[in-house]
Amino acid sequence: MDYEKFFGEQIEQLQDEGNYRIFADLERMAGEFPRAKAHHGDSVDEIVVWCSNDYLGMAQHPEVLAAMVDATERYGAGAGGTRNIGGTHHEIVLLEQELADLHQKEAALVLTSGWVANLTALCTLGAKLPGAVIVSDAWNHNSMIEGIRAGRCDKVVFRHNDVDHLELILKALPEGTPKIVAFESVYSMDGDIAPIADILEVCERHGALSYIDEVHAVGLYGERGGGVCEREGLMDRVDVIQGTMAKGFGVIGGYVAGSRKMVDFVRSFGPGFIFSTALPPPVAAACRASVAWVKAHPEIREKHQERARALSDRLLSAGLPVMVNQSHIVPVKVGDPVLCRRASDLLEERGHYVQPINYPTVPKGTERLRFTPSPNHDEQMMGSLERAMVAVWKELGLPLSGAESSAA
């Protein structure tokens, strides 16, 4: 086989479809987010970043930076290997305690990313619970899908946020079957929020283990940033809460929180934990500092929500097709992969960076620009973006059609 030819043909196909991904060469500058420098060969331009998942700007927070620097000087840069071989450094112990407290759970387990946390927890539960069936929301993240596949257990998909369909599926399973219902709180591409209380009621009625991904909600919702479950007073009813330190907390790493026995079970059997190098002490220290600070400052969540509403309202008023939702995510539909890429390029020329979201991240025909305004995006930035968006829409001949509900 001509491997190089095959690789090239596959890349060319992506390019022809408009789905080839181009990564911006960005230089984030501590203390200046969301402003950054974009490198284009020998030239460097200043831009405003609109699509970062560092939702609160915590990656540049002075207390987070100080914690990382101090831990580096005290412990060095690396973790020394897996926790099974090198032991668990004390910073991770403290971080796990902080995360368990955030969710009011008995224990938490830190892994190297949110993706790895989902993959590890779901594959371990699916593989080890005898005869388990995982019932998964149709819009679940790739990490959840891959975790379920790796567990090689039976899987049934329920229609997105459709509680009645979930009920029918669980009711049809044989009595005594171990069941895990896996879903998210905030779905990151459309920004819609799951009917968590209704899903939990169905889980409880049918003896199913509830597993919720709160990665796009932790730090951002609830009095202390415990996520949508905390905001709605439901944390005590959820069996497994999965989260990340890479978004609302601005660093990196993932985790699961729940009962002490469940966490110990994943720790003892999860391949993504057993065979993966631990987070370095400086990273764990920065994560802990960020979680602690965000827990104690609800005003940053209020500001974040206000900024998201402000941007959504601005773009709607300008006639742009915002996919309206209840969360902090502001998607604007384009509906064509080539035009979506072109819109992104034209906006960058005008000083605004937002990555196009194309297939397979979203279904074909729903390509969009996904804006995630932070507390640091001010009125001047938003006004400039609004004007640039209208100009780009007109240049590309895209309709200024107003609001489109993400639930449609």
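Which residue forms a salt bridge with Lys303, and how far apart are the closest N and O atoms? I looked it up: the partner is Glu306, and the closest N and O atoms are 3.9 Å apart. My note on the term: a salt bridge is a side-chain nitrogen of Lys or Arg within 4 Å of a carboxyl oxygen of Asp or Glu.

Before going on, I wrote down that this is a predicted model, where local features need pLDDT of at least 70 and side-chain atom pairs count only at pLDDT 80 or more, while totals for chains, interfaces and linings use all residues. Residues are numbered from 1 along each chain as its sequence is written, and side-chain values use heavy atoms, with hydrogens and water left out.

**Entry: helix H13**

I found Glu306 and Lys303 both in helix H13 (residues 298-317), three residues apart, about one turn of the helix. Helices (H or I, at least four residues) and strands (E, at least two) are DSSP runs, numbered from the N terminus. Next I checked accessibility, where buried means under 20% relative accessible area, exposed over 50%, and partly exposed in between (1.4 Å probe, protein chains only). Glu306 comes out partly exposed at 29%, and Lys303 is partly exposed too, at 38%.

**Entry: bridges to helix H15**

I then looked at Arg314, which forms a salt bridge with Glu379, the closest N and O atoms being 3.0 Å apart. Arg314 sits in helix H13 and Glu379 in helix H15 (residues 379-396), so this pair ties together parts that are 65 residues apart in sequence. Arg314 is partly exposed at 24%, and Glu379 is partly exposed at 41%.

Another pair I noted is Arg350 and Glu395, whose side chains meet in a salt bridge (3.2 Å, N to O). Arg350 is in the loop between helix H14 (337-349) and strand E13 (352-353), and Glu395 is in helix H15, so the pair ties together parts that are 45 residues apart in sequence. Both get the partly exposed label: Arg350 at 33% and Glu395 at 46%.

Salt bridges that share partners join Lys303, Glu306, Arg307, Arg314, Glu379 and Glu386 into one network. Over the whole structure, I get 23 salt bridges.

**Entry: Lys247**

What about a charged residue with no salt bridge? Lys247 is buried and has none; Asp213, the nearest side chain of opposite charge, is 7.7 Å away. For charge, Lys and Arg count as positive and Asp and Glu as negative, with His and the chain ends not counted. I located Lys247 in the loop between strand E9 (240-244) and strand E10 (254-258). Leaving aside neighbours within four places in sequence, Lys247 is in contact (heavy atoms within 4.5 Å) with Asn53, Asp54, Tyr55, Val215 and His216.

**Entry: Glu349**

Glu349 is in helix H14. It is exposed, with a relative accessible area of 58%. I also checked Asp45: its C-alpha atom and that of Glu349 are separated by 9.0 Å, though the two residues are 304 apart along the chain.
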